[in-house]
Amino acid sequence: MEEARRFILGKQGLLGSHRFVGKEGALQYIQQAGCIQYDPVDVCGKNAELTLQSRVKGFTRSMLADLLYVDRLLVDYSDKELSIWSREDWPYFSGYRAMSKVHGAGFEGIPELEARAIAFIREHGPVSSDTLPIEGKIYWHSSMHWSGHWQNQSNAARSVLEQLYTDGVLLIHHKSGSRKYYDLAERYFSPELLNAENPCPDDMALLQWRIKRRVGAVGMLWNRRSDAWLGINMSTEQRNFAINALEADGIIVKAEVESIRSPLFFLAEDIPLMEAVRQGVLDTKPRLEFLAPLDPMLWDRKLVEALWDYHYKWEIYTPVNQRKYGYYVLPILYGDKFVGRIEAAADRKAATLVVRNIWYEDGVKQTKKLARAIEGACRRLAKFNDSLTCNQ
């Protein structure tokens with residue numbers, strides 16, 4: 001079990017010296033993970049930023065913004081819920097965009113509004129729902145976040161922009177706070193990329209590609225129902241078939257882990273990492289990091305509990321009187337163990353990162369060495385949030 005833990009942490013770049021450094025390191029990690037989840041809540045950093053801050057030495061918010069909206073090497077789009085992923089994966093989602101277009105065409109008035117929006121953007125440049133001159137409400141719901149309530153009316157300007165974005169006609173040009181500004185995708189992506197056919201010849205090949213991607217994102221996964229598969233529409237039978245095919249083709253490798261009944265799978269390309277772990281030559285110098293609530297390593301929380309005996313629940317949507325910890329609590333990883341969790345919030349007016357509470361796991365000795373490691377991680381998080389001090 002210790003080998004499995006160290007393998008995952010080594011794959012994630014959370015153990016030993018930093019494998020990922022600067023803006024290039026942020027890009028490398030996202031390419032390795034396939035996608036990282038985006039969430040707009042910003043208590044001490046947004047989820048995607050915190051995911052990178054824990055792994056990428058010297059990471060700043062502007063690095064991710066530049067990769068998305070200046071360099072255009074990354075795309076924010078649907079995958080595992082709202083996600084950020086590499087531009088090179090654009091062709092794999094061609095079927096999703098095609099289905100979105102069919103979905104949007106079924107709403108009365110959407111095609112006409114799309115033509116108006118495209119013409120306006122072509123003449124005037126990037127727009128938000130506040131600056132696009134389309135008024136009123138329409139009956140519409142995005143295929144990206146289907147809830148079954150499409151009969152509800154929604155803001156017409158916002159609806160048509162989101163539809164064109166899901167169709168792949170628009171990209172997010174930039175964000176100002178939580179407000180999105182959209183522009184034509186053709187201005188940033190070549191016709192060859194925009195119109196590229198899906199590299200997968202059929203739906204099963206695409207499913208295998210997506211499963212392989214999620215296995216690589218977490219490091220090791222089992223063939224069970226899991227939040228790690230969110231965003232992939234598949235039955236248990238389809239998942240079984242795809243995983244068996246990937247193993248038969250030598251793309252993923254089965255690993256038996258003591259005390260865990262289900263076998264785990266990892267990418268064959270990571271066999272050298274597994275060998276380094278088994279031979280004891282992996283850099284295991286302890287680092288203390290705070291993990292994001294939707295960190296790829298936490299996508300399967302049942303697996304985390306099985307491997308680390310650590311239970312984590314993101315309580316942001318839990319009623320206040322039912323929370324065990326707090327609104328926005330981050331797991332604390334020290335070396336190859338989870339030692340607790342922390343609730344920290346950036347008070348940007350006072351230029352201070354306020355640590356509201358720290359909860360240690362049972363059996364964790366609160367040594368001076370651990371205290372110094374936590375203090376160092378708090379200082380890094382404060383600096384990341386442009387805070388001058390950390391108030392513990």
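Predicted model: local features only at pLDDT ≥ 70, side-chain atom pairs only at ≥ 80, totals over all residues.
Residues are numbered from 1 along each chain as its sequence is written, and side-chain values use heavy atoms, with hydrogens and water left out.

Q: What is the mean pLDDT of the protein chain?
A: pLDDT is the predictor's confidence in each residue, from 0 to 100. In this chain, 97% of the residues reach 70 or more. Over residues 146-150 the pLDDT is below 50, and this stretch has eight contacts (heavy atoms within 4.5 Å) in the model beyond near neighbours in sequence. The mean for the chain is 94.

Q: Are helices H6 and H7 roughly parallel or roughly perpendicular to each other?
A: Helices (H or I, at least four residues) and strands (E, at least two) are DSSP runs, numbered from the N terminus. Axes are lines fitted to C-alpha atoms, for helices over the stretch in contact, and angles run from 0 to 180 degrees between N-to-C directions; the axes of H6 (residues 110-124) and H7 (residues 156-167) come within 10 Å and cross at roughly 85°. Angles under 35 degrees count as roughly parallel, over 145 as roughly antiparallel, 65 to 115 as roughly perpendicular and the rest as oblique. H6 and H7 are therefore roughly perpendicular.

Q: How many nonpolar residues does the contact of H6 with H7 have?
A: On the H6 side the residues include Leu-113 and Ile-118, and on the H7 side they include Val-160 and Leu-164. Ala, Val, Leu, Ile, Met, Phe, Trp, Tyr, Cys and Pro count as nonpolar, Asp, Glu, Lys and Arg as charged, and the others, Gly among them, as polar. Besides one polar and two charged residues, this contact has nine nonpolar ones.

Q: How many polar residues does the contact of H5 with H7 have?
A: Helix H5 (residues 94-105) packs with H7 at an angle of about 145°, their axes 8 Å apart. Residues of H5 including Tyr-96 and His-103 meet Gln-163, Thr-166 and Asp-167 in H7. By class there are one nonpolar and three charged residues, and the number of polar ones is five.

Q: Which residue in the hairpin of S8 and S9 takes a positive phi?
A: Two strands pair if DSSP finds at least two bridges between them. Six bridges join S8 (residues 170-176) to S9 (residues 179-184), and the two run antiparallel. Two residues lie between these strands, and the positive phi, near 65°, belongs to Gly-177.

Q: Which residue in S5 is the bridge partner of Gln-37?
A: Strand S2 (residues 35-37) pairs with S5 (residues 81-86) in the antiparallel sense over three bridges. Strand S4 (residues 74-79) is also antiparallel to S5, with six bridges. Tyr-77 stands opposite Ser-83, and the partner of Gln-37 is likewise Ser-83.

Q: With which side chain does the side chain of Glu-361 make a polar contact?
A: Glu-361 lies in the loop between strand S16 (352-360) and helix H13 (368-384). A polar contact is a pair of N or O atoms within 3.5 Å; within protein, one must be able to donate a hydrogen and the other to accept it, and residues adjacent in sequence count only if both atoms are side-chain atoms. Leaving aside neighbours within four places in sequence, the residues in contact with Glu-361 include Asp-309 and Phe-338. The polar contact, at 2.9 Å, is with the side chain of Arg-341.
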